[in-house]
Every structure is written in C-alpha cells, then in structure tokens.
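Trainee: Please take me through one part of this model in detail. I would like the metal site and what surrounds it in the chain.

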Amino acid sequence: MDISAYRLLFSIFVFVTGAVVGSFLNVCIYRLPLDLSINRPRRSFCPACKYPIPWQQNLPLVSWMLLRGRCANCGARISLRYFAVELLTAFLFLAIWQSFPAPVATAYWIFVSLVIVATFVDLEHFIIPDQVTIGGTVAGMVASLAVPGLMDTNSRLAAVVRSVLAAALGYLVLLIVLEAGKLAFGKKRIKLDGPTPFAWKRQGDDAEFVVGAEQSLWSDYFAREKDRLSLECDDAKIDDRIHNKITLEFYYDRVSVEGQTLMLDDIDEISGTAVEVVIPREAMGRGDLKFLAAIGAFLGWRAVLFAVFAGSLLGSLVGLFTLVVGKRVWSAKLPFGPYLAFGAVTWMFYGQAFVRWYLGLLSP
Ligand SMILES: [Zn+2]
C-alpha cells in the first residue's frame, strides 16, 4: 500500500475513533451533572422512555441521522447535541492527529475530551463537574510527566513542575478576578448592624442598588436565571405601596412580595429599611477556577493567560451582540466555561504561531 493511501486510511480511523469517543462524552455530559454512574447501566437509554438503546441504533453520527434525531421506541426528539458532540469530537481528533506528533496528540485527545464535557455541561447546568476539572488537572500533570514536550522541555521533572505551576496560576488568576469582583459584598449572607436604609433605582437597562454606604450595579449580582437575592426588611416601599416586616425575594427580572410576583420592568423604585441581605452565589463558579487549572496543567502558563484574554474578548463580543439584538444585559450572561474552552482550544492549535508572531512584533 502506498504512503498516501495509508495516511488516508489512518485519518478515517482517527475520525471514527473521535466519533466513538464523542458518543461516550455524550453519556458523560448527560450523566455527570445528574450524579448517575457512567458505566451502569452500561447500555445507553432514551432519556424520555428509558428504553435501552440496542447497539445498531447507537452508532455514532450514523444512527442519529438514520433515525432523524428521534428515539426508535417512543419517537421523542433526541437533542441535536448528541450529533454535534460526536461530529465535533471526530473533527477535533482528526485535526489534532494531523497537527501534532503522536505522543502530544494522544495527550491532546484526552484534553479536548475533557474540554467538550466541561463546555456542554456548563452550557446546560451552569456547573463544571469536579471529575472534569480536578480530574483534568491531575490528568494534565500525569500527561506532562509522560510527554514532557507538552511543557516545551525534555526533562520529565521540569515538565511536571511547570504543569503544577501553570495549574496554580490558572486557579489564582480567576480567584483574583473573583475576589476583585466582590467589591460590595464579600459574603453570601450579610447581617446588617441594625436596620439599614436600602434603595433600588432603575437606571436604563440596569438598576442601582444601594444598601447603607454600599452602592452597586444590579446586574452584578445575577449570573443565572435562578439566582436569587433576598432582602429581609423592616419596611419597604415599592413605587407607592408600603409594606411592613416583609422579605423581598429578587430574581434578575422580578421580585416576589408576600406571594405576589412583580416584574422589575414595571417598577421604578424600591426603598426601605433592611436588616439582612442574602446575595446569590458567586457570578463565576469555583468550577471555572478549577477548569482553568486543568487548562494550565495540560497546556502551560501562557495558555492560561491566553484563555482568559480570548475568553473575555469573545464574552464581551457576544454580550455586545445580544445587547444590539435587543436582549437585556442582565439576562444575557452566559457561563464562562465555554469561553475559556474556546480560548484553550484556540491556543492548543495556534499558540506557537501566536507567540512567534508576537515576538516578531517586539523585534522586527
Ligand atoms: Zn424513547
């Protein structure tokens, strides 16, 4: 067999392997956030009717197309995500195989598998499971020991040290961002020293929220639709209605008062005296910190900085786009994980070229 036919055959083999791995990643994406076991039941089942899917209906890519995205048993729609994840994994496996020497490619296959699971779980559930982030950080360190080239060195010891330091950097960079973001309130539950005046005032598309001397932007508190801020009040005035001894439960777009839900769009001002505030959990989850650590462990310290930079840039562009299209700012926030994933994968393929280009700028 001549060399090009051999190469073509091997590329097809890698692509199919990627699709099969993608099929397994779909199982992880579905089961990990629900705390279901990955290998029991061994057989995949339809999420709607629980019918165990026979192997001939569970072929990656092919089955989804043949069944036109429906369960063969009950006809329930099977999310396009299954097909998309298989196709994406197949293409990334192939691209990695064609871009890197075999040992590095093997490590990168593991890495993109983790990144794909993190991205799709985060998009749906706004969390990144520890199995992916902490597990990924450890996997990255082990991979660096096995393939020191990942950390641009020949020494196994140096590779592991760099991998550990890059993971620490990843965690710390986001920790600093996270802490800096908590200007107004550092804690989740804040007992105020005695009754404290508060005010919520509409300001264009957002609102200003003042408690005592602390002043902040309303949208800073809400990252997710389910985030809730509750305010225990001695008294509260909503536009013109006065309430005594109540707890206001705020969501990003509404407030519930004694069982009644009011849309914030219809309210101009809320003020009164508060005794306790409970703010939503952090806008950026700890999962993002651990995810960036895993990125560092696999790709090194420069990838950490690049992923944060590229991720924030893309995040701002998407934010700007949704603003232009007319969605409200405070409902348009997306989880940060997928942006970090985008930055990391971009670095994996183009990082070296980017560094060369950058150094060229410095010394023409
Ligand atoms: Zn079904």
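**A close look**

Mentor: Start with the surface. Phe354, Trp357, Tyr358, Leu359, Leu361 and Leu362 make a nonpolar patch of about 650 Å². Leu361, one of these residues, sits in helix α9, which covers residues 337-362. Keep in mind that this is a predicted model.

Now the metal. Which protein atoms hold the zinc ion? The donors are the SG atoms of Cys46, Cys49, Cys71 and Cys74, lying 2.3 Å from the zinc ion. The four donor atoms give angles of 104 to 118°, and the site is tetrahedral. For tetrahedral classification, all angles must lie between 85 and 135 degrees. The ideal angle for four tetrahedral donors is 109.5 degrees.

Look at the sequence pattern next. The donors follow the spacing C-x2-C-x21-C-x2-C along the chain. Cys49 belongs to the loop between α1 (3-31) and α2 (62-66), and Cys71 to the loop between α2 and α3 (80-99), so this pair ties together parts that are 22 residues apart in sequence.

The cut-off for buried is under 20%.

The two loops also hold backbone features to check. Lys50 is in the loop between α1 and α2. Phi of Lys50 is near 65°, a positive value in a residue other than glycine. Arg68 is in the loop between α2 and α3. Arg68 is not a glycine either, and its phi is positive, at about 50°. Most residues other than glycine have a negative phi. Arg68 counts as exposed because its relative accessibility is 67%.

Follow the chain into helix α3, where Leu94 lies. Leu94 is at 16% relative accessibility, so it counts as buried. Its contacts, leaving out residues up to four places away in sequence, are Ser11, Val14 and Phe15. Leu94 and Gly18 are 76 residues apart in sequence, yet their C-alpha atoms are 7.4 Å apart in space.

Asp288 is in helix α7, residues 286-299. Asp288 has 7% relative accessibility and so counts as buried. Beyond four places away in sequence, Asp288 touches Asp122, Ile128, Leu174, Phe336, Gly337 and Leu340.

Definitions and conventions: Residues numbered from 1 in each chain as written. Predicted model: local features only at pLDDT ≥ 70, side-chain atom pairs only at ≥ 80, totals over all residues. Heavy atoms only, no water. Donors = N, O, S within 2.8 Å, 3.2 Å for Na, K, Ca; no water. Tetrahedral: all angles 85-135°; square planar, octahedral: opposite > 155°, others 65-115°. Helix = DSSP H or I, 4+ residues; strand = E, 2+ residues; numbered from the N terminus. Patch = residues over 30% accessible without salt bridge, like charges linked within 9 Å, V, L, I, M, F, W, Y side chains within 5 Å. Areas by Shrake-Rupley, 256 points an atom, 1.4 Å probe, with all protein chains shown as cover. Salt bridge = Lys/Arg side-chain N within 4 Å of Asp/Glu carboxyl O. Buried < 20%, exposed > 50% of the residue type's maximum accessible area, 1.4 Å probe, protein only. Contact = heavy atoms within 4.5 Å.
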